[in-house]
Amino acid sequence: FFMPMSSRPLQIVHLCTSDSAGGAAIAARRLMMAQREAGLDASMLVLHASHRDPAVHALRSDSVYSRGIAQWKKALEAGAAWVAQGFRRAHVFDVSLPIAGFSLKHHPLILEADVIHIHWINQGFLGLSSLRSLVQLKKKVLFTLHDEWAFTSLCHHARDCRRFTETPGCRDCPQLQPGIPFFGLAQRIFRAKRALYKELSPSFVGCSQWITAEARQSLLTQGCRVEAIPNVFDSKTFTPIPREQARIKLGLPADRPILLFGAARTDDPRKGFAEMLKALQIFYATPYAQGQKPLALLFGKISHPELLSSLAPIECKSVGYLAPHDMALHYAAANLYVTPSLEENLPNTIIEAAAMECPTVAFEVGGIPEIITHGVTGYLARYRDVVDLARGMEEMLRATEKGPIAQCRTDVLHRYDTSSIVQQYLNVYTS
C-alpha cells in the first residue's frame, strides 16, 4: 500500500446526505472505514447520522429546530420537483433540483481537509450554492458517481435520453413537464453546473465501467478526470455460513427453496417491483415451482403491502428492514437473490449476496453485468423480460440445490479487493 510522503496522513472528508440510508450512503461509509484502516485520516460529514461513530459527523444537531430546518429544505427540493414534473408524485424523487442546501465553507472538517469527497448530496443537504462556496477553498474535490445526477442536469438516471451529451445540454428534459415557469429549467441548471465545474475542477469516479463511460460522454465532464473505481464491500460481515445454520437462526424451513428480493423502498417503480410480481406469478406456475413450493422473502420498506396478496397462492413473507448482520443471514439462508431493478449502477446487494455464495438473477442493465457471470454466478435476464426473469429463477434454483455457489464469493473477492480500491482512490487524490 503506497502512501505519499507527508508530515501527516492525508485528510479526507466524505460528504453524503446520510451515513446509512441507501446504497450510496452505505458505500461511502464503507470506503471511509477502509481508508481509516489503511492509515488515512478519513471522516464523514452527513445531514442525517444514525451510526454512533466518532468518524461520522452530523451537520445539524438533533434538536427539533435543526431537524425541522433539514426537513424544510428536503420538502422545498421535493416540492419544486413535484411541480416541475407536472404533479406526478410517483416520480418526485427521479430528479433532484439543487436549490436548497447548507453552506459548508466554515465547517472545521471542510477547512482542515485536503480532499473533499462528494457522494450522494441531494434532498436538502447541498445545493449548487453550497458547492460554489467550496470553490474559494481551493481543495481537491472528487465526485463518486453512485447515479448520473452529477453529470446530468437534474435526473438520477437519464434512461434513453442523451441530451446531457448534446449542446447546449439537457434541453427540453423529458422528465419535466414543459411550461412556464419551468420551461428551460433543466437547461439552466445544466449551464450552472457547467460554470461551477469549470471553477471547481473536480474529478469524477464511477462505481462501474458502465456509469464511467456514460460520464465521459457528458458535456459537464469535459476537461475533467473521469476514472472507474468500484465500491468497497464489507467482507467481514458478509462471510459465508452454512445454509442450514442460517435457516435455523431465522426460523425458516430447511426443505424448501428460498428466494430473496427487496430494496430500501421495495415498491419504488425503478426497482422493478411490478416486474417482479409478474415474474413470480409466471415462475410459480411452472411444474418445478409447483413441486418444490419455493418461499419468497421480501426485505425493505413496502408502501402498499396489500399488493402481496395478488401473489396468492404464492407464499411471500415480508421481513422488513434488515441491518447488515441480518441481511447476511438472509443471503446465507436463501438459494437465490433476485433484483429486478430497471435502473442500477453497481448494486451493493448483488456484491453482498455473492460474498455469501448466493447467486443473483437480475435484468441486464447498468453495471449489473460487471458483477454477474451469466450462468455461473447468476443469471442476466433480458431487460424487462419477465418471462426470462422467471426462467432465470428456475435455472439458478436448480443450480443451488446441492448447496451455495462458492464461485460467487471467489469472484467478488478478486474484483473488489479493498486494499486495491483504497489505493486507486489515493492515486486520484494525490495526482
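Predicted model: local features only at pLDDT ≥ 70, side-chain atom pairs only at ≥ 80, totals over all residues.
Q: How many helices and strands does the protein chain have?
A: The protein chain holds 14 helices and 13 strands. Of its 431 residues, 55% count as buried.

Q: What share of contacts in the protein chain joins residues at least 24 apart?
A: Counting contacts between residues at least 6 apart in sequence, 68% join residues at least 24 apart.

Q: How much accessible surface does the protein chain have, and what part belongs to carbon and sulfur atoms?
A: The total is about 18,700 Å², and carbon and sulfur atoms account for 54% of this surface.

Q: Is strand β1 buried or exposed?
A: A residue is called buried when its relative accessible area is under 20%. In β1 (residues 11-18), eight of the eight residues are buried, so the strand is largely enclosed by the rest of the structure.

Q: Which strands pair with β1?
A: Pairing requires at least two bridges between two strands. β1 is joined to β2 (residues 41-48) by seven bridges, and the two run parallel. With β4 (residues 115-118), β1 pairs over four bridges, also in the parallel sense.

Q: Which residues stand opposite Val13 in β2 and in β4?
A: In β2, Val13 faces Ser43. In β4, its bridge partner is Ile116.

Q: What unit do β1, helix α1 and β2 make?
A: Together with helix α1 (residues 23-37), the strands β1 and β2 form a β-α-β unit, and this unit is right-handed. The β1 and β2 of this unit are the parallel strands joined by seven bridges.

Methods: Residues numbered from 1 in each chain as written. Heavy atoms only, no water. Buried < 20%, exposed > 50% of the residue type's maximum accessible area, 1.4 Å probe, protein only. Contact = heavy atoms within 4.5 Å. Areas by Shrake-Rupley, 256 points an atom, 1.4 Å probe, with all protein chains shown as cover. Right-handed = clockwise from strand over helix to strand, strands pointing away.
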